[in-house]
Structures are given as structure tokens and as C-alpha cells.
Amino acid sequence: MAAVHFAKALPSLPSDWSEDATFVTHGSLSAPVHRSIEPVGPHFLAHARRKRHSRSFSEDERIQAQYNVKKVEDDDSGEISEDEDPRMLTSDPKDWKNQDHYAVLGLSKYRWRATDEQIKKAHRKKVLRHHPDKKASAGKSQDDGFFKCIQKATEILSDPIRRRQFDSCDDAADREPPSKKAKGNFYKLWAPVFEAEGRFSRKQPVPKLGDDKSTREEVEEFYNFWYNFDSWRSFEYLDEDVPDDNDSRNQKRYVEKKNKNQRAQKKQEDTARLRKLVDDCLALDQRIQKFKEAEKAQRNAKRLAREAEEKRVAEEAAKKIEDEKKRKEEEEAAAKALQNNAKKAKEAAKNAVKKNRRVLKAAIKDCNYFVDGTASADVIDKSLSDVETIQGKVDPDELNTLARSLEAAGKDSAAVKAVYTKQIADLIAKGSAKATDFKILA
């Protein structure tokens, strides 16, 4: 390397400068260290490349630029690689509203999911491939129509508002719902459909369709979300261009009103379309039938339990009524039996009294009224009168005791009379009778 010489002299020291008075030592130099220095870096590599291939600066820069372009294309081809439709290459840039901007940039498989970085890479790749200057250097046609389509696609997709308007009308991103006769896994067939429709939701995240293991709450949340879907689709991208001419104010207002009505109509049609889509999915969802059967079984179980409880209560009430009826019948039977027994006892006592009275009268009759020979009518009347007086003064028990005593005495007149005499004495002693009440037996 050549040495560089400066012709300018160093300034002289001030006249009052003194080494002892002015110079101050702040530190000392470090000890020398031996280091190996190697030529490295991009500039050395560029110098070495030029020397090796005997290139000039301009020639090396041109070759290196071509290499960098190819490297960018190779780097992007892994993520953004899509065959170009020959018909798309001849698209009219003036008809940009009808062109598929994602397809122009090679992002058809990403579409609304494409990131800003992917859009930038796709744009760089397309520009490097279809730039008019590159076509001219390659001896091809200098038609820049498709290049303008690339620029317009990048302009729209790089603007969040305009990209949102285009995504609102991007039918190519829709997934057609499976038919009712489609065979296959229900959840794998329908999940992509709702995933595509979910891009229009104001509320994020969008509930998933789930699978056959989803709970009833999750399934109801999913269908409630879609039946009350809040879409941001505006369909402004399809508006007719509004004239900017100040002389056409009426025409401008007419076009604006027409665009507004068309957007409202498309919004209504899209809502009806989505509602039918959800209805079709709901009709094919086996989980709904399963939940209905489980709910029906639960209702039946509750009904059966309620009926069993009502039956048990009714049986208990019937048994209680039956027991009460049986108890009353038993009480009535017991009361009736008691009454019958009392009646029988009363009749038996009455019959016993009658029998005992007959015994009393028979005993005095058998003793010939206690006279020798034939008893006169007067003796008989007075004797029977005394017997009736005794019968009227004693109770049934005393009467029974008296009858037994007379039966024991038999036809012995003295013994019979002694029994009567003792009974009369007892009545007089108790004050139940007087001696004057008896005419013969006293």
C-alpha cells in the first residue's frame, strides 16, 4: 500500500510553553504486545474476488448484482412459489378491480392469512422477474401490463383499509360447504368452512366447531355465535367509481346512493347465505340429536321419578285410607261385638234372673208353702208376695246366691225356710226392707 504524505507543517509551540511547567503526565504507555493481523472483511473479499477473476470494479458489481437477484429468488421460492397462469400474465391493468391480487403476487394459498412480510417478499420476487428493464435486457417484449398489475396488487394489499375491502369480496377464499350427501368426517368437512367464514367476524377468536367429544355448552356457544354473527363485510370494493367532476353533482349523488343500496343488498344476501349455511350444518350435526336424546332421557327419568313418587304417595294415601277404614271396621266390629256381648250378657243376666226367680218360687212351692196339707189360696198369695218382695230388694248377684242356696236346700222345708229367713234378716239389717213388708216368711 502506498504511503500518504501531507505537505502542511505542524503548528509551533507557544513561546511561553515549558516542559517542566506546562506538561502534565496523566499515565504511562502500556507494554507492547505482538499481534497477528489478517486481511478480512467484505471490502477485502471484494478486492480478492476482483484479483482472482481479473474483473474491473463495474464488471464485478454487475455480476454480483445478478447473483444477489438470483439468491433473493431462490430464498423466496421456498415460501412463495406458485405457477403463473398464462392468461393472468396478459391481464389488463385497467381492469384491476376484477383481478385476483393474491394470485398476481403468487399468494393464492395464503390469501387473507398472508403477512405483510410475505407480501413484501412476493412483490420483490415478482418485480425482479417481470420488471420491464429485465425483459428488455433479455430481449423480450417490453409490455409492462402485468408489471402494472403487480404494482396495483401490492398497492392494495399493502394498505390495510383497501386490503380489508378486497378481502371483504374475495370469493376465492371461501370454502364451499359440503353437500348433505357428502361422505366423510363431519367435523373435517365443515371446520374449514367456518374457519374461512370466521375471517369476517368482528369478535375474535371465533369458536371452533369441535368434535364428538365437545360438551353441550361448547356446541351451544358455537351455534349461538354463528346465529348472531357480527360481520364486518362492507362490499365497498365492488362500488361503482364516483365521478369527481364538479359539474356532475347529481350524477355523483346518484352513484353514491346506488352504491349504498347495492352494499346493503349484498349484506342482506350474505347474511341469508350464512344463516342457511349454519342451518345446514346444524341439521347434519349428530351431536344435536345426541343432546336431544340425552335431554329426552333426562326428562323421561325425571318424569318416571315424578310418577314413581306420585304413585308412592298415592299408594301410601290409599294404604292410609285402607288402614283407617280397616281400623274403623275393626273398631265398629269390636264395638258391635261388645254390644252383642253386652246384649247377650244382659239377656243372659235377664234369663238368669228369670230362672232364679223361678227357682225361688219353685222352692216355696215344692215345700207346699210351708204348711201341712193343702195350702189355701191366701197362703199361696202371701207366700208368693213375700218371694216377689225379696226379689225386688236384692240385686242379681244376691238373687243368684239365694237361688243357689235354695237349690242346695232342695225340698227340705226347714232348710228352705231357713234360707228365706236369713235373706229377709239380711235385708232388714241393711235397711232395704222392713219386717212388716213380709207376711209369712218373716
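Glu 197 belongs to helix α10, which spans residues 186–197. Helices here are DSSP runs of H or I with at least four residues, numbered from the N terminus. The structure is a predicted model, in which local features need pLDDT of at least 70 and side-chain atom pairs count only at pLDDT 80 or more, while totals for chains, interfaces and linings use all residues. Residues are numbered from 1 along each chain as its sequence is written, and side-chain values use heavy atoms, with hydrogens and water left out.

Glu 197 counts as buried because its relative accessibility is 3%. Buried means under 20% relative accessible area, exposed over 50%, and partly exposed in between, with a 1.4 Å probe and protein chains only. Neighbours within four places in sequence aside, Glu 197 is in contact with Trp 226, Phe 229, Arg 273, Leu 274 and Leu 277. Contact means heavy atoms within 4.5 Å.

The loop between α10 and α11 (216–227) holds Pro 205. The peptide bond from Gln 204 to Pro 205 is cis, with omega near 0°.

Ser 54 is exposed, because its relative accessible area is 64%. For Phe 235 the angle is about 60°, and its place is the loop between α11 and α12 (249–284). Phe 235 is buried, because its relative accessibility is 7%.

The largest nonpolar core has 25 residues, and those with the most contacts inside it are Leu 360, Ile 390, Leu 406, Val 416, Tyr 420 and Leu 441. At least two residues of this core come from each of α13 (286–366), α14 (377–393), α15 (396–409) and α16 (413–430). A nonpolar core is a set of buried Ala, Val, Leu, Ile, Met, Phe, Trp, Tyr and Cys residues joined through side-chain atoms within 4.5 Å. Not counting residues up to four places away in sequence, Leu 441 touches partners including Ile 364, Phe 370, Ile 390 and Tyr 420. A second, separate core of 22 residues includes Val 127, Phe 146, Ile 156 and Cys 169.

The table turns to the pockets. On a 1 Å grid over the protein atoms alone, a pocket is an open set of points where a 1.4 Å probe fits, with protein on both sides within 12 Å along at least five of seven lines; lining residues have an atom within 4 Å of a point. Grid points are joined across faces, edges and corners, and a volume is the space filled by probe spheres set on the points.

| Largest pocket | About 450 Å³ | Trp 112, Glu 195, Gly 198, Arg 199 and Gln 204 |

In the largest pocket, α9 gives the most to the lining, with four residues. The elements giving two or more residues to that lining are α8 (145–158), α9 (160–168), α10 and α11. In the second largest pocket, α12 provides the largest share of the lining, five residues.
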